[in-house]
Amino acid sequence: MANPSGSVNGGIIGKTNVTSNGGDTITATTATGCLTLQSGTKLVTVLTVAGGGGGGAYSAYGGGGAGGAKVTENYSASGTVPITIGAGGGGRSYPQPSRGISGADTSFGPVPAPTTITVSGGGGGGGTCVPGGPGGSGGGGPTCSNMDGGTGICGEGNAGGTGNPFWSSGGGGGGGYGAAGAPGPPSIGGAGGIGFDVQPFFGTAPQPFYLADKPKAGATVGGYFAGGGGGSSYSNPGGAGGLGGGADGETNAYPGNPFPDATTNSGGGGSSASALPKTSGAGGSGIVITKELNRASGMWSMQSQFQNIKQGTWPT
């Protein structure tokens, strides 16, 4: 009687091995370029994070939305793969338009190809009666009648929080991968949404490719990306930035210094500014983390053996 499994494996009874020959090598890519995978790698796990949005400016406005984020498992890739890292959106200062600049997209994969992984930049925080911008995660809304937070993209992030409509209240927090930004309370800024805990995919923190969870916080455990920026308040404390590089919204301290940028390569949202002539914080640039898989089990098919030997990619 015919043996279907044996036929698939060229006469060898066993489970067809379609996994990678790689060695679970993990690589963080922080600038646009090309990544050369290990010889024999066939499948990878990929984290893609886009640039976060800049915070809104002028008086009690919204935190920047986090860049879109996504983990793709068992992605077919080999050889050299092009990567585009999205820049974080810039902050604003009067008399510029007051909504923060949106972050730029990040992509991984051959171009052009329908299987390229792309995530969207975060929306800028709202300001001067301009609502938060849409993006991977949306920017927080301002303290104004037009106080809406920006929308997020399903599977990449969440919406920004609404601003409080009353003058001298709090702006909304920017959305993060793990949660929407908090609405602006009557007195303080709304908190940014928490980011993406990627430790289940790439290992428990600390790891050399993880970043500080918060800017200006010194050494932190890491393992989170794409946290929303905190909203500001005109005369009271700003909202906390979301874990994953989101910057805190700060209290008005005129004239003071520019408000903090999000953590570089975190995809976090920037801080909103609460008064003239301050400049709101920029969003964090994006990142790509790849894990080249090595989870072989069962028999290699004769066809796979022949192809690997011919290409010089047989594991040693």
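Helices (H or I, at least four residues) and strands (E, at least two) are DSSP runs, numbered from the N terminus. On this basis, the chain contains 3 helices and 10 strands, and along the sequence these elements follow the pattern α-β-β-β-β-β-β-β-β-α-β-β-α. The structure is a predicted model, in which local features need pLDDT of at least 70 and side-chain atom pairs count only at pLDDT 80 or more, while totals for chains, interfaces and linings use all residues. Residues are numbered from 1 along each chain as its sequence is written, and side-chain values use heavy atoms, with hydrogens and water left out.

The chain was first examined as a whole. Of its 316 residues, 53% are buried, where buried means under 20% relative accessible area, exposed means over 50%, and partly exposed lies in between (1.4 Å probe, protein chains only). The accessible surface of the chain comes to about 12,600 Å², and carbon and sulfur atoms contribute 58% of this surface. Such areas come from the Shrake-Rupley method with a 1.4 Å probe; for residues, only the protein chains shown count as cover. A contact is defined by heavy atoms within 4.5 Å. Among the contacts with a separation of 6 or more, 58% are between residues 24 or more positions apart.

An open sheet is formed by 4 strands in the order E2-E5-E6-E7, with antiparallel pairing. Strand E2 (33-36) and E7 stand at the edges with a single partner strand each, so one side of each is left without a neighbour in the sheet. From one strand to the next, the twist averages 20 degrees; axes are lines fitted to C-alpha atoms, for helices over the stretch in contact, and angles run from 0 to 180 degrees between N-to-C directions. Two strands count as paired if DSSP finds at least two bridges between them. E2 and strand E5 (residues 80-84) are joined in the antiparallel sense over 4 bridges, and Leu35 has Val81 in E5 as its bridge partner. In general, strands of a sheet pair through backbone hydrogen bonds, either parallel or antiparallel.

A search of the whole structure finds 1 disulfide, defined as a pair of cysteine sulfur atoms within 2.5 Å. This disulfide is formed by Cys129 and Cys144, with sulfur atoms 1.8 Å apart. Both cysteines lie in the loop between E7 and E8, so the pair ties together parts that are 15 residues apart in sequence. The torsion about the S-S bond of Cys129 and Cys144 is about 80 degrees, and the disulfide is therefore right-handed. Cys129 is partly exposed, at 39% relative accessible area, whereas Cys144 is buried, at 7%. Two further cysteines, Cys34 at 61% and Cys154 at 80%, are exposed.

Thr143 is placed in the loop between strand E7 (117-119) and strand E8 (196-197). With a relative accessibility of 4%, Thr143 is buried. Beyond its neighbours within four places in sequence, Thr143 contacts Ser59, Ala60, Tyr61, Asn164, Phe166, Ser169, Gly170 and Gly171.

The search also finds 1 salt bridge in the whole structure, that is, a side-chain nitrogen of Lys or Arg within 4 Å of a carboxyl oxygen of Asp or Glu. The partners are Lys214 and Asp248, at 3.1 Å from N to O. Lys214 belongs to the loop between helix H2 (199-202) and strand E9 (224-225), and Asp248 to the loop between E9 and strand E10 (287-292); the pair thus links distant parts of the chain, 34 residues apart. Lys214 is buried, at 16% relative accessible area, while Asp248 is partly exposed, at 31%.
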